[in-house]
Amino acid sequence: MGKAVAKYCGKCGKVLEPGCKFCVSCGNPVEGTRRGNVPDMGNGWGKAEALPMYPVSRKKREKGKNKKVFVMIPAVLVILIIVTAGIWIVKTKVNGYKMPVKYFCEYMNTGDTDYIEEIIPVKACKKVRQEFYKGDEILPEVIASYDSVDEYIDESSEEFFEAAFYAPMEELRDDFMEEFGTDFQIEYEISEKEEIYEEDLLGNWKSEIIFYPEYGIDVEVYRVETKLKIKGSEGRDTQKVDFRVANFEGEWTILCNY
């Protein structure tokens, strides 16, 4: 009788023991193996890597599928960003007048001046000053101590922000603490708004606001009827307040005339 032909594992290529049903090396079943009868040619072919368990074409299809998934993920993110931005723009346009009232109350409750910064129309104010101080309207003796006109505009704008926003709101908060206690909190409820015009403005803003349309900045001013509930350790009160809120081309602000 001739010499028995050696059997090899179809997965790891090891020589199989006669009559065994599983490879002792890797545990792969002997029956149905694709390479169970490959003879050892003495050149390593019998120990070659096992064939794939599924066709190569399937691998390619799955790879392509994964690629599509990775391409789709950024596309979905872009769509979500666009939709979110659109919703934010719509809400800002429709309900933007509420934001200055919200930031006003947040500042009163916390004393955090970051909330005041949120209601300062920085771009509009600086644009007015840039237009106003152009050319011959700039007095040389006024800006002689500055390195540039821009530096002068920045500093004069900061002085305006201090006088028109920071100082009156800080003074008002001190009055609230004195009357209601340092722990006072304000809750607010907006009931309605209506557009108003220059003659309905109060204080310094009546003269200040006329400059903006003259220098190409559209301004919309609203009366916002609000109910404030104030509670503190020293007392409580409910007040109805008509805030004057303005929109300087998308920069919403509160005109400090509380």
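Let me begin with a term: a helix crossing is called right-handed if the near helix is turned clockwise from the far one by less than a right angle, and left-handed if anticlockwise. In this predicted model, the crossing of helices α4 and α6 is right-handed.

Consider that pair first. Helix α4 covers residues 122–132 and helix α6 residues 149–180. Their axes lie 10 Å apart, at an angle of about 125°, and the two helices are therefore oblique to each other. On the α4 side, the contact involves Val-122, Cys-125, Lys-126, Arg-129 and Gln-130. These meet Ile-153, Asp-154, Ser-156, Ser-157, Phe-160 and Phe-161 of α6. Of the residues in this contact, five are nonpolar, three polar and three charged.

I turn now to the salt bridges, of which there are six. One of them joins Glu-106 to Lys-102, with 3.7 Å between the closest N and O atoms. Both residues belong to helix α2, residues 98–110, and because they are four residues apart there, about one helical turn separates them. Glu-106 is partly exposed, at 24% relative accessible area, and Lys-102 is also partly exposed, at 30%.

Another salt bridge pairs Glu-194 with Arg-223, at 2.7 Å between the closest N and O atoms. This pair links distant parts of the chain, 29 residues apart: Glu-194 lies in strand β1 and Arg-223 in strand β2. Glu-194 is partly exposed, at 39%, whereas Arg-223 is buried, at 12%.

Arg-223 also meets Glu-225 in a salt bridge, 3.5 Å from N to O. Glu-225 is partly exposed, at 25% relative accessibility. Through shared partners, salt bridges join Glu-192, Glu-194, Arg-223, Glu-225 and Asp-242 into one network.

Technical notes: Residues numbered from 1 in each chain as written. Predicted model: local features only at pLDDT ≥ 70, side-chain atom pairs only at ≥ 80, totals over all residues. Heavy atoms only, no water. Axes fitted to C-alpha atoms, helices over the stretch in contact; angles between N-to-C directions. Parallel < 35°, antiparallel > 145°, perpendicular 65-115°, else oblique. Contact = heavy atoms within 4.5 Å. Nonpolar A, V, L, I, M, F, W, Y, C, P; charged D, E, K, R; others polar. Salt bridge = Lys/Arg side-chain N within 4 Å of Asp/Glu carboxyl O. Buried < 20%, exposed > 50% of the residue type's maximum accessible area, 1.4 Å probe, protein only.
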